[in-house]
Amino acid sequence: MSALVSRTHTHGRRAATATLASATALLALICMGAAPVAHATPAEGIHNIKHVVMIMQENRSFDHYFGTYPGANGIPAGTCVPDPLNGGCVRPFHSSNETELGGPHGVAAEAGDINGGAMDGFVAEAESGMKCTTTDPRCGACASSSASKIAAAVGSCPVMGYHDAREIPNYWKYAENFVLQDNMFQSAASWSLPEHLFMVSGWSARCPKDDPNGLDCTNTLEPAFPNIFQEMAARPTYAWTDLTYLMNKAHVSWRYYVAEGSEPDCQSDESIVCAPVRQAPKTPGIWNPLADFTDVQKDGQLGNIQSQNGLYSSLHESPSCGLPNVSWVAPSRAVSEHPPSSISAGQTYVTTMINSIMRSPCWGSTAIFLSWDDFGGFYDHVTPPQVDENGYGLRVPGIVISPYARTGYVDHQQLSHDAYLKFIEDVFLNGSRLNPATDGRPDARPNVREAEPALGSLANDFNFNQAPRPALLLSPHPEPGPASTPPAP
């Protein structure tokens, strides 16, 4: 009975919070007079969505950002992760750090974190990845000289830290007012490069240089990656089929928007600190993979890889929205949230982009998918499902923002970033899949990720019978939100 009362009380409190948030948003719109109310016909169902924008930030696990969010599958009571270097264990703790180091998050490190499903290897992998010793001060509490110091210094062990509305108030407001996915997994059990390949193609592979035959590509979670300081001959060939091939045949418009600056991370799955590498639309790389896909080159669509300035200019191509049907958005290092980049700088960047979409004619027909590409070495307690030899990887936050998104809804269905491709295919391609048996361009992928029976549907995060929601404009520089309830000891 007490559990039922607790759930009822929580539901009522969240409903009241959502109502207050909606009223506040409406008042803001009236005062500002800038953001248009969405216009669409609910009878059109899923095809009310004319534009999908995927904003992909960097390297945060679900428990790290939403582990204390009410109603979500968050950090369990009693969690304490073993510290093999110092003895004892480290409990999750609230971190107010603006910048912090994560942990190693390549194939081997992720397997070590998961530890056969025990989910207790995070501190050990962080210590190993930093090459910690008990006398090395760089490693903070994860390398305390004695177990007795852990309790006092635990705030320095970043992989076990979590944030809440005190550090990321806007992300929590988006969750409170739209949809939070608490069962969203990385597509690949690895780091950023294979994850970004999955985001555009549903696969990660290594192909012979200059060989356009996708059947010659070999499945791997350690694909080759380009380095712009090398000769052009060192660039990889991605010969398998990506989603733009299907979209081009169906006359579905797309853009891949790249923030100019430096790449968010090192060009190694285990390096944590490295010299910056320049990033721009014409510099193929880990966060700009489509330039090396042979079908993009053959279709003459390299011009669709553009600076993020193009996204902003397209929002107000009067009198209607100028966004393409599908947009991927890749950040630069400074705003990526990739450790040790600033959390608040990333939140400001994301909020500014979402505000711009909401103020534009595009809002009424847009679905925004906000997520983080991989877990970055930070603790998460959920064992990833094993759908094939490639993944899934660990849980990451996922948020759906749209005038048709459900209000204050926590989506518990099993998802991965493959669900983005599935949604796009359902909305714009009549359900066609990246299937080598049917798409007219065979490759050697082991399975069709969008067709996995256990993969949920993002359509469940929308209510097309509701009146389109007004924009929720947030300050790019918000005040800290309230503290959450910490995990029970």
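This is a predicted model: local features need pLDDT of at least 70, side-chain atom pairs count only at pLDDT 80 or more; totals for chains, interfaces and linings use all residues.
## Disulfide bonds

A disulfide is a covalent bond between the sulfur atoms of two cysteines. In this model the count comes to three disulfides. One of them joins Cys80 to Cys89, with an S to S distance of 2.0 Å. The link of Cys80 and Cys89 is right-handed, with 95° about the S-S bond. Both of its cysteines fall in the partly exposed class: the relative accessible area is 22% for Cys80 and 33% for Cys89.

A disulfide is also formed by Cys207 and Cys217, whose sulfur atoms lie 2.1 Å apart. Here the angle about the S-S bond is 105°, and the link of Cys207 and Cys217 is right-handed. Cys207 and Cys217 both lie in the loop between strand 8 (205-206) and strand 9 (218-219), so the pair ties together parts that are ten residues apart in sequence. Cys207 is buried because its relative accessible area, 12%, is under the 20% limit for that class. Cys217 also counts as buried, at 4% relative accessibility.

## The disulfide of Cys321 and Cys362

Cys321 is joined to Cys362 by a disulfide with an S to S distance of 1.9 Å. This link of Cys321 and Cys362 is right-handed, with 95° about the S-S bond. Cys321 is placed in the loop between helix 10 (308-314) and strand 14 (326-330), while Cys362 is in the loop between helix 11 (343-359) and strand 15 (366-372), so the pair ties together parts that are 41 residues apart in sequence. Both Cys321 and Cys362 are buried.

Helix 7 spans residues 192-201, and ten of its ten residues are buried, so the helix is largely enclosed by the rest of the structure. Its buried residues include Leu193, Leu197, Phe198, Met199 and Val200. Among them are also Glu195 and His196, together with Ser192 and Ser201.

Several elements contribute to the cover over the buried residues of helix 7, including strand 1 (51-57), helix 8 (243-249), strand 10 (254-258), strand 14 and helix 12 (418-428). Just after helix 7, Gly202 adopts a positive phi of about 75°.

## Packing of helix 6 against helix 11

Two packed helices are described by the angle between their axes and the distance between the axes. For helix 6 (residues 169-177) and helix 11, the axes come within 9 Å and cross at roughly 45°. Helix 6 is therefore oblique to helix 11.

On the side of helix 6, the contact is made by Pro169, Asn170, Tyr171 and Tyr174. Helix 11 contributes Gly346, Gln347, Val350, Thr351, Ile354 and Asn355. The residues of this contact of helix 6 with helix 11 divide into five nonpolar and five polar, with no charged residue.

## The setting of Gln413

Gln413 is located in the loop between strand 17 (409-411) and strand 18 (415-416). With a relative accessible area of 17%, Gln413 is buried. Its side chain makes a polar contact of 2.9 Å with the side chain of Asp411.

Leaving aside residues up to four places away in sequence, Gln413 touches Asn183, Gly456, Ser457, Asn460 and Asp461.

Definitions and conventions. Residues are numbered from 1 along each chain as its sequence is written. Side-chain values use heavy atoms; hydrogens and water are left out. A disulfide is a pair of cysteine sulfur atoms within 2.5 Å. Buried means under 20% relative accessible area, exposed over 50%, partly exposed in between (1.4 Å probe, protein chains only). Helices (H or I, at least four residues) and strands (E, at least two) are DSSP runs, numbered from the N terminus. Contact means heavy atoms within 4.5 Å. Axes are lines fitted to C-alpha atoms, for helices over the stretch in contact, and angles run from 0 to 180 degrees between N-to-C directions. Angles under 35 degrees count as roughly parallel, over 145 as roughly antiparallel, 65 to 115 as roughly perpendicular and the rest as oblique. Ala, Val, Leu, Ile, Met, Phe, Trp, Tyr, Cys and Pro count as nonpolar, Asp, Glu, Lys and Arg as charged, and the others, Gly among them, as polar. A polar contact is a pair of N or O atoms within 3.5 Å; within protein, one must be able to donate a hydrogen and the other to accept it, and residues adjacent in sequence count only if both atoms are side-chain atoms.
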